[in-house]
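Open the structure in your viewer and keep the selection tool at hand. The stops below go from a sheet to a group of rings.

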Amino acid sequence: MRLRRTLAWSLFALAITAPTSSHGQGLEYVRANYTKYEYQIPMRDGVKLFTAVYVPKDASRRYPIMLSRTPYTVMPYGEDAYKADLGPSPRFAIEGYIFDY
């Protein structure tokens, strides 16, 4: 029993301290795998909401959408200026989500 508990704690410690893979992170990955679009979406009251959409370049399948709304900035602005990281975790970009900010 003690050996099993020690092994479980060791695996847990290894899991939380292991370096994460840099695959799927960073500006180079986002530029290579995503296309950025920018839109002004009109609301009922006439206000236009700025929206940046990152779509995977691989169009061979359908992708889920991760929508994130904020009253704050969604920098960087410009269709040629990309965020360095997408999603709440790099795993979402690796899996190929569409990101809508």
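In what order do the four strands of the open sheet lie? This is a predicted model, and in it the order reads β1-β2-β4-β3, with mixed pairing. Select β1 (34-42) and then β3 (65-67): these two stand at the edges, and each has a single partner strand, so one side of each lacks a neighbour in the sheet. Looking across the sheet, the twist from one strand to the next averages 20°.

Next, show the aromatic side chains. How many aromatic pairs does a search of the whole structure find? The search gives eight. For one ring pair, select Tyr97 and Phe99: the ring centres are 6.5 Å apart and the planes meet at 35°, so this pair counts as tilted. Is Phe99 buried or exposed? Phe99 is buried, because its relative accessible area is 1%, and the cut-off for buried is under 20%. Tyr97, at 22%, is partly exposed.

Which residue lies over the face of Tyr101? Select Lys83, which is placed there at 4.6 Å from the ring centre.

Conventions:
Residues numbered from 1 in each chain as written. Predicted model: local features only at pLDDT ≥ 70, side-chain atom pairs only at ≥ 80, totals over all residues. Heavy atoms only, no water. Pairing = 2+ DSSP bridges. Axes fitted to C-alpha atoms, helices over the stretch in contact; angles between N-to-C directions. Phe/Tyr/Trp six-rings, centres within 6.5 Å; stacked < 30°, edge-to-face > 60°. Buried < 20%, exposed > 50% of the residue type's maximum accessible area, 1.4 Å probe, protein only. Lys NZ or Arg CZ within 6 Å of the ring centre and 35° of its normal.
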